[in-house]
Amino acid sequence: MKKILNDPANFVNEMMEGIFKAYPNFYKCVDNNPRTIVRKECPIKDKVAIATGGGSGHLPVFMGYVGDGLIDGASIGNVFSSPSVKDMLKVSNAINSGKGILYLYGRYQGDMMNFDTAADMLRDQGIQVETVLVTDDIASSPRSEWQKRRGVAGIFFAYKIAGAKAAKGASLQEVKEVTEKTISWMGTLGIALTPCILPAVGKPTFFIGEDEMEIGMGIHGEAGVARTKMKSADEIAKELVYRVLEDMPELRGEEVAVLVNSLGGTPLEELFILYRKVFCLLENENIKIYRNYIGRYACSMEMQGASLTLLKLDSELKELLDYPANSPFFTQV
């Protein structure tokens, strides 16, 4: 294993300490706990607070989207492991301004258990909490059961839309409703070319042949829907686009936002080769691209691979997508 680290047991804390030292004007931790990260100005008066969290290893998810026009705080667990209830409560209390808190995170069992426990404890204190689960991975359940799907790169769009709605002064129920609409209108599919290595384990999370690729693999190495021989960039684009459209045929003739995301180890050059073909395929399907996002938005350590997310838009979602946002990891003016 070759990684730039010290003791693997200190991987998460030292990573978080580096983030706080790099961006002291953006972030602060709660009670000197590096696994709790909130906006410097929190709590923000008269604004619904948005909290997220999950295992590390996915940067810029989760803490990278703590920022203006985005979310307010995140609790961070070990690599691919849920954060603690205690840390979730610390973040929640630090960002709460009295207008309620939205818990927004990917649908994974450990996160659900701990966030639900924290939400119940906050409600006992008289704090209003609502939860929205991100469920965009089309490979993990059929469309008829989309609410049972895993959350993957589409969480970026959920953060962007929810954060903008909250920044505009909406109520907790209004923020929840538009976020749920966003999630129901998007789908993501990824392909993996290589495994990743967890620092504490020191070996690959799975094995895949040099001439193979996995379609639909999850961001923790969960099995996909098919393992095939390696394909060209254009063939990969076709797999991603047509599988998403098979799942969401209502996208044809609509305006969409497109996210072409690196799973960690895939360089920008390859993402743009992929986007080149995605653009043409969508154009052929009479799908107009309103905004595109290409880069590292939701990763799985150093895994090589990419994912495609398509989000159907209406006038409300376009306005919120256009709303300015600023964090050290994502800026839109």
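Predicted model: local features only at pLDDT ≥ 70, side-chain atom pairs only at ≥ 80, totals over all residues.

User: What makes the radius of gyration of the chain agree with a compact globule?

Analyst: For 333 residues, a compact globule would have a radius of gyration near 20 Å, and the chain has 19 Å, so the two agree. Along its principal axes the C-alpha trace spans about 55 × 50 × 35 Å. Buried residues make up 57% of the chain.

User: Why is Asp 31 called exposed?

Analyst: The cut-off for exposed is over 50% relative accessible area. Asp 31 has 58%, so Asp 31 is exposed. You'll find Asp 31 in the loop between strand E1 (27–30) and E2.

User: And how do you know that Asn 32 counts as exposed?

Analyst: By that cut-off of over 50%, the relative accessibility of Asn 32, 73%, makes it exposed. Asn 32 also lies in the loop between E1 and E2.

User: What is worth noting about phi at Asp 31 and Asn 32?

Analyst: Most residues other than glycine have a negative phi. Asp 31, though not a glycine, has a positive phi near 55 degrees, and for Asn 32, again not a glycine, phi is positive at about 60 degrees.

User: What makes strand E4 mostly covered?

Analyst: Buried means under 20% relative accessible area, and 6 of the 7 residues in E4 (residues 73–79) are buried.

User: How do you know that E2 and E4 pair?

Analyst: Two strands pair if there are at least two bridges between them. E2 (residues 33–39) and E4 have 3 bridges, in the antiparallel sense, so by that rule they pair. One spot to look at is Val 38, which stands opposite Gly 73 in E4.

User: Which way does E3 run relative to E4, parallel or antiparallel?

Analyst: Parallel: 6 bridges join E3 (residues 49–56) to E4. Gly 53, for instance, has Ser 75 in E4 as its bridge partner.

User: Which peptide bond is called cis at Pro 43, and what is its omega?

Analyst: That's the bond joining Cys 42 and Pro 43, with omega about 0 degrees. Pro 43 sits in the loop between E2 and E3. There's also a cis bond from Val 61 to Phe 62, where omega is near 10 degrees, and Phe 62 is in the loop between E3 and E4. For context, most peptide bonds are trans.

How values were computed: Residues numbered from 1 in each chain as written. Heavy atoms only, no water. Buried < 20%, exposed > 50% of the residue type's maximum accessible area, 1.4 Å probe, protein only. Helix = DSSP H or I, 4+ residues; strand = E, 2+ residues; numbered from the N terminus. Rg over C-alpha atoms; globule rule 2.2 N^0.38 Å.
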